[in-house]
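Q: Could you help me look through this one? I'd like to start with how strands pair up and then move on to the ligand.

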Amino acid sequence: VCCVAGARVDVCAEPLQRNVLLCVQAADLTIQLSAERLKSAPAAPKSFGTVFTDHMLTIEWTEAEGWGAPRIQPFRNLSVHPACTSLHYSIQLFEGLKAYSGEDKRLRLFRPMLNMKRMSKSAQRVCLPTFDESELLECIRRLVELEQDWAFLSESSSHLYIRPTFISTEATLGLKKPTSALLYVIVCLVGSYFSSTSEGLSLWADPKYTRAAKGGNGDCKLGGNYGGSLAAQAEAQRFGCQQVLWLYGDDQQITEAGTMNVFLYWINEDGVEELATPPLDGIILPGVTRQSILDITRKWGEFAVSERYLTMDQLCSALEQRRVKEMFGSGTACMICHLSHIVYKGEKLSLPSLDGDSLLSTRITKEVEDIQFNNEHISWKLGRS
Ligand SMILES: Cc1ncc(COP(=O)(O)O)c(C=O)c1O
């Protein structure tokens, strides 16, 4: 057992909200190494999220005691009460980010504070306690540092996927604000997320399903948002499509594509060249990749970049008038994914498929990859011990 000692500070200098009296303290982190540490190259994961590393980070919280000391321990199953409110009422949330390996064989986390901030917002939505975001990030960095060799053992997995998770452990069937909770972080190898994306992703759009509603939880990363999307996803597959294009409202606004934010690069109704994505009005998950694409393309200053509503009628007219240049989805899993067609009202709407190199999505991908894999200023490099 290797212990990292540090002074315990029980009161946050700047509490994030009233219930954050005792903070997550990275200085209190202890590390218990697994006896079964990685010895040989793991098999390439056949599907996303199936091969996990040797350790996990856990931090317990109770209303009475506040945050406990963070612990890195051997990966293990959890034991929770069968009445635990995270299982019954989905009082839980998660995050997803990757550690990318650069040419110098070091790992980098890409804008991880955006994930910490989103996690904190999700926690507030289900009355789980908030935490010191920087301190949690430092604990995650230590976990990834410990597990970094996993990223270099196999040709097929040059980066790691990190899954922070926060669950209520309250043992009651009463629906109430939790008084105990567990925050844990696990790490897995990254294989292919979508089965085939080289041709672009196919989408199925039907207004009978809605992913999120105004005033709801669509802008938070709560597990219930995802379980509840599976029936629509299964129906999309029956129509021969890979993902759902989520629509909203009577005017059938385009919101998200599967678990990705969506972008339309087109000549808009006013004849202006524009890259557009729906605004963060409560039904859109504020994607880290989405924000990065907006930042990068705004910096280019070559065309209008807008957060605006887009409807199916507008898309159909633009397709008829050949004003659509490209459509793509964005997210940590696939980064940027070209969209090939949309099945809508029984018709197949083909989206332009240009030569890969001339796609805007290819150009943006190159720039984002440069940041993720090489640029030291924006990414946050992990050292090799
Ligand atoms: C519903 C939804 N939209 C968009 C995204 C993309 O977000 P990010 O770019 O942070 O991965 C995700 C993935 O987290 C998602 O689950």
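A: Before we start, two strands count as paired if DSSP finds at least two bridges between them, and please keep in mind that this is a predicted model.

Q: What about β12, how does it pair with β13?
A: Strand β12 (residues 243-248) also runs antiparallel to β13, with four bridges, and one of the pairs joins L247 to I254 in β13. These two strands form a hairpin as well, with four residues between them, where G249 in the turn has a positive phi of about 80°.

Q: Is β13 mostly covered or open?
A: Strand β13, residues 253-257, is mostly covered, since five of its five residues are buried.

Q: Switching to the ligand, which residues are closest?
A: Of the 15 residues that surround the ligand, the closest are K221, Y226, E256, T289 and T332.

Q: What does E256 do there, in terms of distance?
A: A polar side-chain atom of E256 lies 2.4 Å from a nitrogen atom of the ligand, while an N or O atom in the side chain of T289 is 2.6 Å from a ligand oxygen. The protein covers 95% of the 380 Å² of accessible area that the ligand has on its own.

Notes:
Residues numbered from 1 in each chain as written. Predicted model: local features only at pLDDT ≥ 70, side-chain atom pairs only at ≥ 80, totals over all residues. Heavy atoms only, no water. Buried < 20%, exposed > 50% of the residue type's maximum accessible area, 1.4 Å probe, protein only. Near = heavy atom within 4 Å. Polar contact = N/O pair within 3.5 Å; in protein donor to acceptor, adjacent residues only side chain to side chain. Areas by Shrake-Rupley, 256 points an atom, 1.4 Å probe, with all protein chains shown as cover.
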